[in-house]
Structure formats: C-alpha cells, structure tokens
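Here are my notes on the two-chain model, point by point. Please read them with the structure open.

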Amino acid sequence: MSDDLKTTLNVYRGAAGEEAHYDQFDVPHEEGASVLDALVWVRENVDASLAFRYSCVSANACKECMILVDGKVNYACTAKLSTGTVTVEPLAKKKLIRDLVTDIVPPKERLGSVDAE
Amino acid sequence: MMRVSTDVFVVGAGGAGMYAAIAAAREGADVIVADKSLISRGGATIMAQMTVASAVGHEEPDHWTHHLADTIEAGHGLCNEELSAILCEESVTRIHEMDEWKVGWARVEGRMTQVHAPGHGLKRCVYVDYLNTGPAVARALRGEVAQRSGIRRASGLAVIEIIVQNGEAVGAVAIDVESGETVLVEAGAIVLAAGGLTKLYKRNSASINMGGEAYAMALRAGAELIDMEFVQFFPIGHLAPRMVGMDPIMWDPFRYKVGGRLLNGNFEEFIHNYGASDGGNYTARRDVASYAIYKEVEEGRGSPHGGVWLSFDHIDPKVMQEKFGPMIGRLAKNGIDLQKSAVEVSPIAHYHMGGIRVDTEMKTRIPGLYAAGEAVGGANGATRLSGNAIPEAFVFGERAGKFGAAFAKGRSRAPLDEKSATIVLSEPKSQLKKGAAPDGSATALMTELQALMWEKVGLFRTGEKLEQALARIREMQSDDLRNITIPDDAPFNQALLDWYELRAGLLCAESVTLAAINRTESRGAHQREDIPDASPEFERNQTIGLSGDQLVTGWADVPRISYTLEEKQAAVI
C-alpha cells in the first residue's frame, strides 16, 4: 500500500452558460485506482456537488463515464489514475450540462422532446 | 412542472423494465419507460456476464418441471412455487423470443449451447460469448424498445414516489435529472422494475442504481415486501487487485473448469478445515466456501485486502490459454497475470431473494401497482438457483407489462393535482443549500451504511449484531438523514438524488435487519451463528409493510403448486 502517494485532480467546474473555473482536489492514490475512483472519492469526502455521470461501477458496461482525461477522450472507469496532476474536463464535442456532465442522452430518449412532437 | 400521461409507466429500464414496456406495447397500451440512468445502461442486467437457466433442451433432453424441481430445492422450502413454476415454464418461451430478437445465444450447429451450472441436474444454461450475456441482452431489448412506436423512453428520469389515491396507484412523482424539473406522471398502471438492494453492502457486484429504491417505493405506496432477510452472497467475488471491465463474479466458472486453489493469507489451503474437500476438483459447496473464507479473515488469516487468495499458478499455461481464451488479454489490461500471481477474492453481495410481494399477475396489493424482475420477492425462496436472475427479468417483466396494460385499459385517468408532487418533494427542501457541503454528505452516510450492513447484517449474523445494526439504522433515519446539508446545484443535482437514495436504502436496511432478527433460525442465505439450525416452524414467508412510518412484520404460508411435476410432464407426452 502506498498511502503517501497522491494525485491532484484538476477538475472543470461550471454549468452551461456560466463562466467555468477549475477546482483542485488532493486525492489519495492507491495502486490500480481509476480516475472514476478519484471522482467518487471527491464527491464522498470533499465536495458532494461535483457532477459526473456513471452507472455500472467499473464494469465498463454502461459507457456513461466518458470524459476528457488530460485532454484525451477516455472512460473515467478504465483510465488509470496517475500520480501528479490529472486534469478532467467534460467532452468537448457534446453540449455541457454541468461540471463533467455533457448531453450524451440519445434525443429519442428524452421525455420532453418526445412529448413536444 | 412537466406533466405526462400514459397507460403504463415502467420504473427502471434494465431487462425486466424493457421487457415490461415491450409486452405492454404489444397489448396496445402506450408506455413510458423511465430510468434514472440511461435506458438499458443502468441496473443489473448489463452487468450480468454469466448464464441464463432455461429448459430449452438443446444440449440434452429437459423439461421445465426439472428446472422447477431444482429451483425449489435451492429455495430451502420458501419458494413461492406458483411464481417459480411460471419462471421456469415461461423462461423457455422468452429465451426463444430473445433468440428471434437476435440476442445471439452461443450455438453449435444451430443448437443453443447449454452449460452446467451449480445446483442444476443437467446442462441447462444458455449464454452469449465471452462473458457477454448481459450486454447482449441489454442491446437486443434496447433495439426492440426503440422500434415500437407505443413506447416513449425517458432516460435520466429519477422516480421518487408512487402517488396513491383512494388506495390505488394513479401515478408517480419524478425528477428530470439533467434539468432538475419536477415531472408528474399520470398512469393507468405502474410497474416497479428498478432492481434489488445489493448496493447496500460494502462488497457487492451491483451498479449504483441497486440501492433498494423499488422496495422503498413499494413500501411507501402501501404494498408489502416478502422474505427481506435473504440476501445472496457470492462466495468468491473479486476483491483485489483493482479490476475494471470484468464481472466481479467471473472467477467461479474458471475455478470449476480449471481448478483454482483457495489459499489463506499464509498461502495455505484451508477449506478442508471446514469439513469440505476441495482437493483436485474444487467443488466445495458455495455456502461452505463462504463460511470458510469468512472465518479465515475473522481469525486474522486473510489476504491483505481482507479476503483469501485464488491461485492458478499450478495450472499448465496451455490449459489456461485454452480455458480462459480472450479473457487472458482482458486480465492483462488490468495488470493481472494468473501465471505469476494470485488474485484476492471474498464473498460479495450479489442478488436479493426478497422483494415486493406479488400475485401471479405481478400485481401488488395496491391496485395499479405491479413489480418485475429482481424487485419481485418469492420465486427463489431462501437461495436463488444459479442462472435464474435473467429469466426472472424476462418472464416477470413480460407478465407485469401484459397484465398492467390490461388493467390500465379498463381504467379512467383523472388529472393529478400538482400539489401531490409538491408535497412529495417538500421533505428535504430545508436541507438544500447553495454551495458545496464539505462533510456529512449522503454518499458518506451510504458508505457507513454499507459497512454496517456488511459487518452486522451480512453473511453470518447474530441477534446481538442485528440489534446493534437496527439501532444505528434507525438513528440514521431519524437524525443523520434529516440533518445533512444537500448542495443545491442544479442542473444535474446528483447530491439531491443521493439523499433520496439514502432514504430508500435506510428503509430497506431496516427491513432486512428486522426480518433477520425475527427469523430465529438458519436457512439458505440467512445464516445465524447463534442459531445454526433450520427449524420447521420457520418454513414460512415473512411479510413486511409500512403502517404510518413503522415497519410491521408478519408470517404467511408458502404458496405451493397443487399439481405434481409428473402430471405436467405426462401432459406434454
């Protein structure tokens, strides 16, 4: 166990239409940990308001946790957490909702849009 | 506030919910199927990489009554045999229907491949290669749902409460997760298909949506639950090192096929110290394996993360290559080389036998309210037979959708008052505050609850531990839950949903604990260290319901089938 190692998570914050900023969170680093583990840790221990999507918990089955990790498209659950600083941002090509959450819902799965037809 | 109206409203879009939506649409009903995650992406179905039990008889001659006999035997006297019989008989129809929907069951020369799974008398379990059953099932059903014009899909809709008027279910209150907007749903029938509660245990194979919300919604609507004390633990779930993209219960078939050795923290075999032989064939019963692992850890002989080692390093690399196939590469991506090092395993919470009490039409005691899938209790008694979870989703989903649609058809819908939604959502309003809450979050309390359930309401229970758990759960309900600050950050306020999930989880935890206290015997998945034997007087189902805010328990005779299995077999021939 490597209790002394840590990662600084540099996280995009802000909702659509707001001015964005980045928050830094120091996250303990455990061997084999994923970026998703670190995000979950932040929500539980530091800031419950951080918004990101995931559903299947590291089975890489739901594919909902897709974000930018250090500028590259990746699944938060399969992206290994490195030590040092890791920057996480919402997908650039999808409409931003808040923080790391983007609009990835297929249009026909929206109650509002379907009802408006 | 957004208002929608539909014949059938399905809560949860895993295997059971999607099947319910399809079946209701086939009856001509219009349907909304909602999931707080994305349609078909959340829930348990997509996580299930293993096998599906069905007496299709492709591998060897079989009949659903044989499947039923095995299901009832696994259930230790508590199966609702009427439900079990429906599950086994209709599994055959549903597996063929899924085949038409191109799920891609593994085949050799046109016939479905069926494998043997623990507890089955013959080769009965179909699957999709390799460890791809759940994702393939989810994809096939997603396609069918999308094709049907009568079905509206609502991803990111979190259902909070069922609205009951004059003793009947008439709609639901939901929150649109992305916008935070309240959604009032008027419905002719409602199907609860939002899964089980295994997420309430620290070690589990669940998705984040398996926190017992279907059970809590049913209780709050006035329906009953049954046999909540029976949580199934899988003996050798993956514990360490960190493994992503693989089913945590995947080791079991490989242990059978290849012969993995279970070793304690001192790298010694230990199963033989618990009255079982594991040498050579590695087929110690699951409950014995679980108990042995639990005891080794308790007595300080566990592996570093609190489990035991599963080692394959004595197996010939050629055999490993042949049996594991492409899994070797997927394990390598996780930095796991079985020839070089062992992995750590531990029992993990895997499935809930208890659930919502329904009749054979999947109807609860509240008219208009139905349940499907793992949310239903009773079909699997005190322990579920391997491979019965996915057919349960299909079969009970299809029935709930079909009968729900028929009920909705004959019923008039009156517009609901928006006040009913406002009242439902008023509860945590005073706890909402702008800005982050640095501590005391609902997720931190959920983590505490998971540890509490694991340690005191887990695999091996005692009256003393259960009472301790009950006291803390009740304190969390009356105190912690009401006093935490919820960050008020819309849109996508996950923290608010976490609060509702915690409220539901605590009610379920209280139900499981109370039921476990009352069942002063050991049977199936409910094992009391202080009362190790089964007792004939407890061959009864335990019911639980809400009266005001108090849980009330009772006992009911186990529903039995009135025919013999031989009669059914003779009728076919």
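1. In E2(A), A:Gln24 is the bridge partner of A:Asn10. The model is a predicted one. The pair belongs to a run of 8 bridges that joins E1(A), residues 6-13, to E2(A). These two strands are antiparallel.

2. Which residues of E3(A) lie on its covered face, and which on its uncovered one? A:Ile67 and A:Val69 are on the covered face. A:Met66 and A:Leu68 are on the uncovered face.

3. E3(A) has partners on both counts listed here. With E4(A), E3(A) runs antiparallel, joined by 4 bridges. A:Leu68 has A:Val73 in E4(A) as its bridge partner. The two strands form a hairpin with 2 residues between them. In that turn, A:Asp70 has a positive phi of about 50 degrees. With E5(A), E3(A) is again antiparallel, over 2 bridges. There A:Val69 stands opposite A:Val88.

4. Now the interface. How many residues of each chain take part in the contact between chain A and chain B? The count is 36 residues of chain A against 41 residues of chain B. On the chain A side, H1 (35-45), E6 (96-98) and H2 (111-116) each supply at least two residues. H2(A) gives the largest share, 4 residues. By class, this side of chain A has 17 nonpolar, 9 polar and 10 charged residues.

5. In chain B, look at E9(B), residues 168-176. Of its 9 residues, 8 are buried, so this strand is largely enclosed by the rest of the structure. E9(B) pairs with E8(B), residues 157-165, in the antiparallel sense over 8 bridges. B:Ile162 stands opposite B:Ala172 in E9(B). The hairpin of E8(B) and E9(B) has 2 residues between the strands, and B:Asn166 takes a positive phi near 50 degrees.

6. E9(B) also pairs with E10(B), residues 182-192. This pairing is antiparallel too, over 5 bridges. B:Val173 has B:Leu184 in E10(B) as its bridge partner. Here the hairpin has 5 residues between the strands. B:Gly180 in the turn has a positive phi of about 85 degrees.

7. A second sheet to check is in chain B. It is an open sheet of 4 strands, ordered E12-E15-E14-E13, with antiparallel pairing. E12(B) and E13(B) stand at the edges with a single partner strand each, so one side of each has no neighbour in the sheet. Neighbouring strands are turned by 45 degrees against each other on average, direction ignored. Between E14(B) and E15(B) there are 3 bridges. B:Trp309 is bridged to B:Glu344 in E15(B).

8. Two helices go with these strands. H7(B), residues 286-298, lies across E12, E14 and E15 of chain B and runs at about 55 degrees to E12(B). In H6(B), residues 251-258, the buried residues include B:Trp251, B:Asp252 and B:Arg255. Down the helix axis, the buried residues of H6(B) fall within an arc of 105 degrees, so they line one face of the helix. Their cover includes E12, E14 and E15 of chain B. Just after H6(B), B:Gly259 takes a positive phi of about 90 degrees.

9. Last, a helix pair in chain B. H3(B), residues 81-100, and H10(B), residues 389-409, pack at about 95 degrees, with axes 8 Å apart. They are therefore roughly perpendicular to each other. Among the residues that meet are B:Ile86, B:Leu87 and B:Arg94 from H3(B), and B:Phe394 and B:Val395 from H10(B). The residues of this contact divide into 6 nonpolar, 1 polar and 4 charged.

Conventions:
Residues numbered from 1 in each chain as written. Chains lettered and ligands numbered in written order. Predicted model: local features only at pLDDT ≥ 70, side-chain atom pairs only at ≥ 80, totals over all residues. Contact = placed C-beta atoms within 7 Å. Nonpolar A, V, L, I, M, F, W, Y, C, P; charged D, E, K, R; others polar. Axes fitted to C-alpha atoms, helices over the stretch in contact; angles between N-to-C directions. Parallel < 35°, antiparallel > 145°, perpendicular 65-115°, else oblique. Pairing = 2+ DSSP bridges. Buried ≥ 20, exposed ≤ 12 C-beta atoms within 10 Å, placed from the backbone. Arc of directions from axis to C-beta.
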